[in-house]
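Work through the exercises below with the model open. Try each task before reading its solution.

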Amino acid sequence: MYQTPDQLVALNKANLETAMKFAGVALHGAERLLDVQLQAARTALADSVENARAIASAKDLQQLTALKTTLAQPSIEKATAYAKSVYDVTAATQAEFGKLLEEQVSEFNKQVVTALDRMVKTAPAGSEVGIAALKSGISAVNSAYDNMSKMAKQFTDTTRSNVEAATRQAANGAKKARKAA
């Protein structure tokens with residue numbers, strides 16, 4: 001099928017816009033992840049200074065031993081919160097990529113159906129069966145894609161539930177350990 005220069009220019013423009021959307025999502029995700037990391041680094045530095053002061057102010061071995069437990073528990077909670085934050089950022093970025101990909105697949109499908117419809121109008125008599133088979137194949141591929149998308153979403157939801165459960169469990173364990181100490 002011959003494409004005019006105007007069609008090629010429009011196609012290149014659309015492809016460039018799509019590439020820019022994907023790059024924008026990637027940069028935004030990296031920016032959010034960097035923010036999480038910087039906040040964690042700031043918190044870790046502040047905690048280290050505070051812990052060093054607490055250790056330096058210990059007057060005997062008994063106070064130093066007591067500090068060990070009280071200093072370790074908040075670190076576990078913060079590490080768990082950091083891991084959850086990183087997961088949340090990556091999951092959100094992945095969801096944005098998935099949305100863009102779905103939009104692209106949908107647009108591609110529309111273009112294929114439009115092209116097939118144009119081919120039907122100019123196709124020789126008797127080719128309807130072949131074109132119908134091609135449309136059926138495209139429909140089957142779309143159905144498989146939809147099923148894979150649903151499975152990926154279920155996997156993401158299950159993973160998110162597991163991460164949240166692990167976060168709650170770690171936080172509860174840290175609280176119980178702190179109460180026991």
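**Exercise 1.** Decide whether Thr93 is buried or exposed, and place Thr93 in the fold.

Solution. Start with accessibility. Thr93 has a relative accessibility of 11%, so Thr93 counts as buried. The cut-offs are these: buried is under 20% relative accessible area, exposed is over 50%, and partly exposed lies in between (1.4 Å probe, protein chains only). Next, the location: Thr93 sits in helix 2. Helices are DSSP runs of H or I with at least four residues, numbered from the N terminus. Last, a distance. Thr93 and Val112 are 19 residues apart along the chain, and their C-alpha atoms are separated by 29 Å.

Two notes on the model apply throughout. It is predicted: local features need pLDDT of at least 70, side-chain atom pairs count only at pLDDT 80 or more, and totals for chains, interfaces and linings use all residues. Residues are numbered from 1 along each chain as its sequence is written, and side-chain values use heavy atoms, with hydrogens and water left out.

**Exercise 2.** Describe how helix 1 and helix 2 pack.

Solution. Two packed helices are described by the angle between their axes and the distance between the axes. Here helix 2 covers residues 61-122, and helix 1 covers residues 5-56. Their angle is about 175°, and the axes lie 10 Å apart. The axes are lines fitted to C-alpha atoms over the stretch in contact, with angles from 0 to 180 degrees between N-to-C directions. Helix 1 and helix 2 are therefore roughly antiparallel, a label for angles over 145 degrees. Now classify the contact: 18 residues are nonpolar, nine are polar and five are charged. In this count Ala, Val, Leu, Ile, Met, Phe, Trp, Tyr, Cys and Pro are nonpolar, Asp, Glu, Lys and Arg are charged, and the others, Gly among them, are polar.

**Exercise 3.** How many salt bridges does a search of the whole structure find? Locate them.

Solution. The search finds three. The criterion is a side-chain nitrogen of Lys or Arg within 4 Å of a carboxyl oxygen of Asp or Glu.

- Arg32 and Glu96 meet at 3.2 Å, N to O. Arg32 is in helix 1 and Glu96 in helix 2, 64 residues apart, so this pair links distant parts of the chain. Glu96 is partly exposed at 27%.
- Asp47 and Lys78 meet at 2.6 Å, N to O. Asp47 lies in helix 1 and Lys78 in helix 2, so the bridge ties together parts 31 residues apart in sequence. Lys78 is partly exposed at 39%.
- Lys84 and Asp88 have their closest N and O atoms 3.0 Å apart. Both are in helix 2, and because they are four residues apart, about one helical turn separates them. Lys84 is partly exposed at 22%, and Asp88 is partly exposed at 27%.

Asp88 and Asp60 are 28 residues apart in sequence and 43 Å apart in space, C-alpha to C-alpha.

**Exercise 4.** Which residues make the nonpolar surface patch of about 290 Å²?

Solution. The patch is made by Ile55, Leu61 and Leu64. Patch residues have over 30% relative accessible area and no salt bridge; like charges are joined within 9 Å, and nonpolar side chains (Val, Leu, Ile, Met, Phe, Trp, Tyr) within 5 Å. Check Ile55: its relative accessible area is 44%, so Ile55 is partly exposed. Ile55 belongs to helix 1.

Definitions and conventions:
Areas by Shrake-Rupley, 256 points an atom, 1.4 Å probe, with all protein chains shown as cover. Helix = DSSP H or I, 4+ residues; strand = E, 2+ residues; numbered from the N terminus. Parallel < 35°, antiparallel > 145°, perpendicular 65-115°, else oblique.
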